[in-house]
Amino acid sequence: MKKQTEYQMAKKTLEWVSLDAKREFRNDLPAIRMIINDTCDAICKDLRLSDYHRGLLENYSCELHPKD
């Protein structure tokens, strides 16, 4: 079994948070974006991700934002 990197785990966690936020705050797009962005920031700080991986995770968080 292949071991996941911290970045891969962070990305999966952010995806789960995104799905939960979209389910709970279905019509509140700014709240969903804030939850995703705040979680991304917390994950990066907790895991002390490198600038490179932080940038990748931030870009991924933008992909998870709900579309207008």
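**Helix packing exercises**

H1 passes H3 in a right-handed crossing. The model behind these exercises is predicted.

**Exercise 1. Determine how H1 and H3 run relative to each other, and list what joins them.**

Step 1. Locate the helices. Helix H3 covers residues 51-64.
Step 2. Read the geometry. The axes of H1 and H3 come within 10 Å and cross at roughly 25°.
Step 3. Apply the cut-off. Angles under 35 degrees count as roughly parallel. H1 and H3 are therefore roughly parallel.
Step 4. List the contact. H1 supplies Tyr7, Ala10, Lys11, Leu14, Glu15, Ser18 and Lys22. H3 supplies His53, Leu56, Leu57, Tyr60, Ser61 and Leu64.
Step 5. Sort by class. The contact of H1 with H3 has seven nonpolar, three polar and three charged residues.

**Exercise 2. Find the ring that the charged end of Lys11 sits over.**

Step 1. Start from Lys11, a residue of H1 in the contact with H3.
Step 2. Look for the ring. The charged end of Lys11 sits over the ring of Tyr60.
Step 3. Give the distance. That charged end is 4.8 Å from the centre of the Tyr60 ring.
Step 4. A search of the whole structure finds zero.

**Exercise 3. Work out the relative direction of H1 and H2.**

Step 1. Locate both. H1 covers residues 6-24, and H2 covers residues 29-47.
Step 2. Read the geometry. H1 and H2 pack at an angle of about 155°, with their axes 10 Å apart.
Step 3. Apply the cut-off. Angles over 145 degrees count as roughly antiparallel. H1 and H2 are therefore roughly antiparallel.
Step 4. H1 passes H2 in a right-handed crossing.
Step 5. Name contact residues. Those of H1 include Ala10, Leu14 and Val17, and those of H2 include Ile32, Ile36 and Ile43.
Step 6. Sort by class. The contact of H1 with H2 has 10 nonpolar, three polar and two charged residues.

Note on methods
Residues are numbered from 1 along each chain as its sequence is written. This is a predicted model: local features need pLDDT of at least 70, side-chain atom pairs count only at pLDDT 80 or more; totals for chains, interfaces and linings use all residues. Side-chain values use heavy atoms; hydrogens and water are left out. Axes are lines fitted to C-alpha atoms, for helices over the stretch in contact, and angles run from 0 to 180 degrees between N-to-C directions. Helices (H or I, at least four residues) and strands (E, at least two) are DSSP runs, numbered from the N terminus. Angles under 35 degrees count as roughly parallel, over 145 as roughly antiparallel, 65 to 115 as roughly perpendicular and the rest as oblique. A crossing is left-handed if the near helix is turned anticlockwise from the far one by less than a right angle, and right-handed if clockwise. Contact means heavy atoms within 4.5 Å. Ala, Val, Leu, Ile, Met, Phe, Trp, Tyr, Cys and Pro count as nonpolar, Asp, Glu, Lys and Arg as charged, and the others, Gly among them, as polar. Rings of Phe, Tyr and Trp (its six-membered ring) pair if their centres lie within 6.5 Å; planes under 30 degrees apart count as stacked, over 60 as edge-to-face and the rest as tilted. A charge sits over a ring if NZ of Lys or CZ of Arg is within 6 Å of the ring centre and within 35 degrees of the ring normal.
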